[in-house]
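Look over the sequence and the model first.

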Amino acid sequence: MDLVRIQHENIMAIDDIVTTERRREKEPWDKSDMHKEYADVFEGDGCLEGEYNLEVDPAVKLVRLPKQRVPVALMKHLKDELGSPVERGIIAQVEKSTDWISSMVVVKKPSGKLRICIDPRPLNKALRRQHFPLPTIDDVLPDLTKARVFTVCDVKDGFWHIRLLEESSYLTTFATPCGRYRWIRMPMGISPAPEVFQHRLTQALEGLPGIQIIADDILVCGEGDNDEAAEKDHDTKLRQLLDRCRDRNIKLNFNKLKLRQKEVPYIGHRLTSEGLKIGPEKVRAILEMPRPSDVKGLQRLLGMVNYLSKFCAHLSDSCDTLRQLTHKDVIWEWTDVQEDAFNKLKQMIASAPVLKYYNPEDDLVLQCDSSETGLGAALLQAGQPVAYSSRALTATEKGYAQIEKECLAILFGMEKFHQYTYGRKVEVHSDHKPLETIIRKPLLNAPKRLQRMLLRLQRYDIYVVYMPGRLMHLADTLSRAYLPECAAEGSVETEIETIDMLQYLPISEGILQKIQRETAKDETFQMLQQVIAQGWPEEKTQLKEEVRQFFSIREELSEQDGVIFRGERALIPAKLRTETMERIHASHLGIESCLRRARDCVYWPGMSAAIREYIGKCAVCRTVDVRQQKETMCAHDIPIRPWAKVGIDLFSFNNRAYLITVDYFSNFWEIDYLPDTSSSTVIHKLKAHFSRHGIPDTVISDNGPQYSSQEFKQFSIAWEFRHVTSSPAYPQGNGKAESAVKTAKQLMGKAKRAKADPYLAILEHRNTPSQGFNASPAQRLMSRKTKTLLPTRASLLQPGVVNTEHAVEVNQRKQAYYYNRGAKDLRPLQEGEQDWTSLLYQS
């Protein structure tokens, strides 16, 4: 009858669930099972709900930084790296103009791939920050009394979980050689990012029991009366967290998952299965500090004790035994007595009341220093130490420039005390003054190693303050009496060691070897290398004369493998500079093009001026130059009366030659047909005009054969006028005649097309007031209007003197203003200087 139907599939599914639940209860939940069950939580890109609006201070000046030039060898890798985040919706191309443009910084990973970052420091000055208070140890302590098992989860690409409003995303636009891009998700480095991420993450995980946010990590705590109960509670809470992550699209980093730990650090303390303990790591640099080996080392220790004695009245009294070794008449001998006093002193420095408990409400100061062989850092609040740290420098790090060592000390301190320093403002004290400057400059100005350190520091909100070394008691002592260990394998410090600045130079291997050889021979560069390694003095006058020229760019200088760098550019020794300029100008590009090429990869003091001078003397370039730059206008003197200065010129129209004669005072011109262009014909026409209007003081012409003949010279002498010729190939020197020729040709051409009388056109022109004047050329020359075919009252034809001197001056100034906008005077030639002149050929 088919009253009962057995569904084998459902029975098997229920059986699987029951079996799985029993297995969970009996077997520990390992990482591989977790990855299988929650693979979607550990893969892909996460995104929290909502969009974030970046608030901008409108009073801050907009900044549009230029794109960074990338070596040709890295261009393919760059395009590939840009393509991936575009496909994933992390960044997008920008097709419209934007108010803000940040510069792109490319970092090469040890794997050979590129990391694309931006330098948002100019933008950060305009962004308003969101303040999100972090929980204190007192806030979380009641929830951790029975905690015995801990798991630490790292959010994968945490900032990318925050989607930006479209309008805000255009603020993050950055320029690349492949075009402009904007961040659709929150980029690392912008100032509001840590607080916004922590706030959104806290909201997304709100209500989950046993979950704490530690800086940028998630802590899961398992509670119970014994380990078995605590692990069971822990696994339940961890599942709830993973389910919430799946529900809210939060992605975790599986490789950084620390599962079922018995103890974890928490803001200077350690959360353990036995309860809350003081974190030993923050005082280990003091407790394991090596004993002083000489008087100088002991004096540094006593200086630190003297500084700390204000926090403990009896601290100085404990130093009497050690202080005796610093006396001049005492022989250095370190015995058990001194060792006991030293150990007792370390215990006092590493405990209350000298050591202060961290207070999130107080200002935070990080004191950092680097010696030749070690790093030291101390975290202070109200001048009192909260934590200490130190480490040795690796063999590679010992070869860093001093500015790189000092910046490494800051990075070491910030990351060592990450749980204190993340997400809040930190004042950093350093005794290396150039760091104050480079930290404010664009990242592209920094050498590659320094650039990588500054990029890493972008996730912190720091400002560097210079502090003289004599006042840096704690960090100075720790950097010289450091713990023996170096940077951990896989840390950012070890990644920085692998940076090869030579790889980023677009210079061939052979040329690099030349630079290395000549740098080793150049005395100035050897002195400069020594200063870079040891550190720069506070005053320029403390340097040798030869290296003072580099003082203004000291924060940008570094050295690697025998090559000195300014930022990402190689310094060229004096012996190779001429050869370098030859290579730069090998294709005979213009001055600005060569300067752009040079600024890509090389530098030396006065490089721009040297390249300009070199190209200015290039015979090939001077031969094919179009012309030199336009100089400012040199106007003719304004004549004091009509017909005192006239200009003459020949022109042809309809295959017939004509002579034009124009008055510089009135702009009135006469035109004559020439049966031939001989000097005698030109002189004959001029005599007719001179007999009618009078002999001028000056006659201006070009250098045509009619005017350079002996016959014309005799004419000027006999008729007593000064003959002036314009410069060869520069007709503007007789611009008045050139302008009259242009006007005459237009009138004659139009009359011919209209089949009209050209003489009537000329008559009308002579009686039309000129632009900028209240009088016509005829009035200015003859003090009267001449009768035309237009009806005119008889009274208007009566003579009357017209004063146009002021109008001429105004018109001349106006012409000069517009002409000079694109003009610039050439510098005067110096005696013995080489000059290039273009040859003119008569066709």
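## A first residue

Where is the place of Ser 169? Ser 169 sits in helix α7, which covers residues 166-169. Helices here are DSSP runs of H or I with at least four residues, strands are runs of E with at least two, and both are numbered from the N terminus.

Ser 169 counts as buried, at 1% relative accessibility. Buried means under 20% relative accessible area, exposed over 50%, and partly exposed in between, with a 1.4 Å probe and protein chains only. Leaving aside neighbours within four places in sequence, Ser 169 is in contact with Leu 164, Arg 182, Trp 183 and Ile 184. Contact means heavy atoms within 4.5 Å. Ser 169 and Arg 182 are 13 residues apart in sequence, and their C-alpha atoms are 6.0 Å apart in space.

## About the model

This is a predicted model, where local features need pLDDT of at least 70, side-chain atom pairs count only at pLDDT 80 or more, and totals for chains, interfaces and linings use all residues. Residues are numbered from 1 along each chain as its sequence is written, and side-chain values use heavy atoms, with hydrogens and water left out.

## The whole chain

The protein chain holds 33 helices and 28 strands. Its radius of gyration is 42 Å, well over the 28 Å that the globule rule gives for 843 residues, so the chain is more spread out than a compact globule. That radius is taken over C-alpha atoms, and the rule is 2.2 Å times the number of residues to the power 0.38. Along the principal axes, the C-alpha atoms fill a box of roughly 130 × 115 × 55 Å.

Of the 843 residues, 47% count as buried. Take the contacts between residues at least 6 apart in sequence: 72% of them join residues at least 24 apart.

## Domains

The chain is divided into domain 1 (51-272), domain 2 (275-353), domain 3 (356-498), domain 4 (512-623) and domain 5 (645-820). These bounds come from an automatic or database domain assignment. The C-alpha centres of domain 2 and domain 4 lie 48 Å apart.

## A buried arginine

Arg 452 has its place in helix α18, residues 448-456. Is Arg 452 buried or exposed? Arg 452 is buried, with a relative accessible area of 6%. Beyond its neighbours within four places in sequence, Arg 452 is in contact with Val 107, Arg 115, Val 492, Glu 495, Ile 496 and Ile 499.
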